[in-house]
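Visitor: I have a structure to look at and would like a guided tour. Could you take my questions as they come?

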Amino acid sequence: MKKLLFVYNAHAGKAGIKSKLADLIDMMVKYGYQVTCRPTQWSGDATEQVEQTGADYDLIVCSGGDGTLDEVVTGMMRIEEKKPIGYIPMGSTNDFANSLRLPKNVMKAAEISLGGHRFACDVGQFNDNNFIYVAAFGIFTEVSYQTNQELKNLLGHAAYILEGAKSLLDLTAYEMRVEYEDVVLEGEFIFGMVTNSISVGGFKKIAGKNVLLDDGVFEVTLIQRPKNPLELNEIVTSLLSRVDNTELIYSFKTGEIRFDTEIEVPWTLDGEYGGSHQQAVIKNWHRAVEIMVKAGQEE
């Protein structure tokens with residue numbers, strides 16, 4: 001009999017998974033799996049479980065927010081024989097689930113986890129850690145996860161600016177040297193994100209156009225510190241009109257990038273605190289893990 005490890009965050013999405021557990025396990029058994037359930041007990045628990053026991057299973061299914069998926073992927077990257085991952089999104093934002101076009105309905109998402117098609121997607125490496133869809137720094141990283149959803153829907157791309165930058169005095173900038181391919185950028189940056197997702201912090205299409213999750217490159221956005229209200233307005237206007245490459249906004253694609261700073265800069269990885277670093281080397285591991293998606297969209 002095939003073996004399945006089901007790792008879930010019992011508290012995600014207002015603990016909605018609890019009422020579905022019996023039905024989910026029943027479905028997994030009907031698909032021919034011997035099921036082992038593991039409710040996560042602490043931060044990093046899912047990573048430990050997959051790293052220590054993942055090789056013993058044919059399929060790993062996780063349920064929770066993108067942070068839970070991040071932990072499972074991190075564990076998977078640490079074992080030699082990679083196993084397919086099913087994802088039942090239950091978090092409040094579910095950025096990567098949106099990119100994978102996974103349904104919000106728990107049972108429909110479970111069906112895809114069990115009977116869908118494998119999609120080999122890229123995984124990011126951030127120094128010694130991994131991330132699945134975003135590494136970011138700057139003033140908007142917290143705002144993106146706190147901004148009211150109605151405001152996001154109304155303002156879209158520029159909600160970062162309008163919520164995060166009440167005035168120039170609110171802007172914290174980091175003096176950075178950024179290197180990618182044969183390019184060197186130096187300046188003061190108020191925000192930066194390295195993404196492999198069409199949705200970040202609930203904002204869809206914020207990473208630009210033609211985003212592919214398996215092309216071996218990240219979408220990078222860097223915003224320089226505005227020197228006056230006119231430049232701040234220029235940034236807002238550019239974001240509203242989705243003009244991402246200007247004198248104040250750098251937007252490009254790359255498979256590897258390095259950030260160097262004199263002081264430690266706090267980063268977020270997949271919406272969770274990723275530590276403070278003076279140096280960040282970010283690499284794209286092309287098609288490193290397989291995630292189950294709906295048949296027909298794996299191309």
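Guide: Strands here are DSSP E runs of at least two residues, helices are H or I runs of at least four, both numbered from the N terminus, and two strands pair if DSSP finds at least two bridges between them. This is a predicted model, in which local features need pLDDT of at least 70 and side-chain atom pairs count only at pLDDT 80 or more, while totals for chains, interfaces and linings use all residues. Residues are numbered from 1 along each chain as its sequence is written, and side-chain values use heavy atoms, with hydrogens and water left out.

Visitor: Which residue in β13 is the bridge partner of T221?

Guide: T221 belongs to the face of β12 that also holds E219 and I223. Its bridge partner in β13 is S251.

Visitor: Is S251 buried, partly exposed or exposed?

Guide: Buried means under 20% relative accessible area and exposed means over 50%, with partly exposed in between (1.4 Å probe, protein chains only). S251 is found in strand β13. Its relative accessibility is 24%, so S251 counts as partly exposed.

Visitor: How far apart in space are S251 and L222, C-alpha to C-alpha?

Guide: In sequence, S251 and L222 are 29 residues apart. In space, their C-alpha to C-alpha distance is 6.6 Å.

Visitor: How many residues of strand β12 are buried?

Guide: In a regular strand, side chains alternate between the two faces of the sheet. In β12, F218, V220, L222 and Q224 lie on one side and E219, T221 and I223 on the other, and both faces are covered. The strand (residues 218–224) is largely enclosed by the rest of the structure, because its buried residues number 7 of the 7.

Visitor: Which residue stands opposite L222 when β9 pairs with β12?

Guide: Strand β9 (residues 183–195) pairs with β12 in the antiparallel sense, over 6 bridges. Opposite L222 stands G192.

Visitor: Moving to strand β1, which residue in β3 does V7 stand opposite?

Guide: Strand β1 (residues 2–8) has 5 of its 7 residues buried, so it is largely enclosed by the rest of the structure. It pairs in the parallel sense with strand β2 (residues 33–39) over 7 bridges, where L4 has V35 as its bridge partner. Strand β3 (residues 59–64) also runs parallel to β1, joined by 5 bridges. There, V7 stands opposite C62.

Visitor: How many disulfides does a search of the whole structure find?

Guide: C62 is buried at 0% relative accessible area, whereas C37 is partly exposed at 35%. A disulfide is a pair of cysteine sulfur atoms within 2.5 Å. The number found in the whole structure is 0.

Visitor: Are the rings of F259 and W267 stacked or edge-to-face?

Guide: Rings of Phe, Tyr and Trp (its six-membered ring) pair if their centres lie within 6.5 Å; planes under 30 degrees apart are stacked, over 60 edge-to-face, and the rest tilted. The count comes to 10 aromatic pairs. For F259 and W267, the centres are 5.1 Å apart and the planes at 70°, so the pair is edge-to-face.

Visitor: Which residues do ring pairs link into a cluster?

Guide: F259 is buried at 2% relative accessibility, and W267 is buried with a relative accessible area of 2%. The cluster linked by ring pairs consists of F126, F137, Y174, F259 and W267.

Visitor: How far from the ring centre of Y33 is the charged end of K2?

Guide: A charge sits over a ring if NZ of Lys or CZ of Arg is within 6 Å of the ring centre and within 35 degrees of the ring normal. K3 lies over the face of Y57 at 5.2 Å from the ring centre. For K2 over Y33, the distance is 4.3 Å.

Visitor: Where does R287, with its positive phi, lie?

Guide: Most residues other than glycine have a negative phi. N127 has a phi near 50° and lies in the loop between β5 (117–126) and β6. R287 also has a phi near 50°, and its place is in strand β15.
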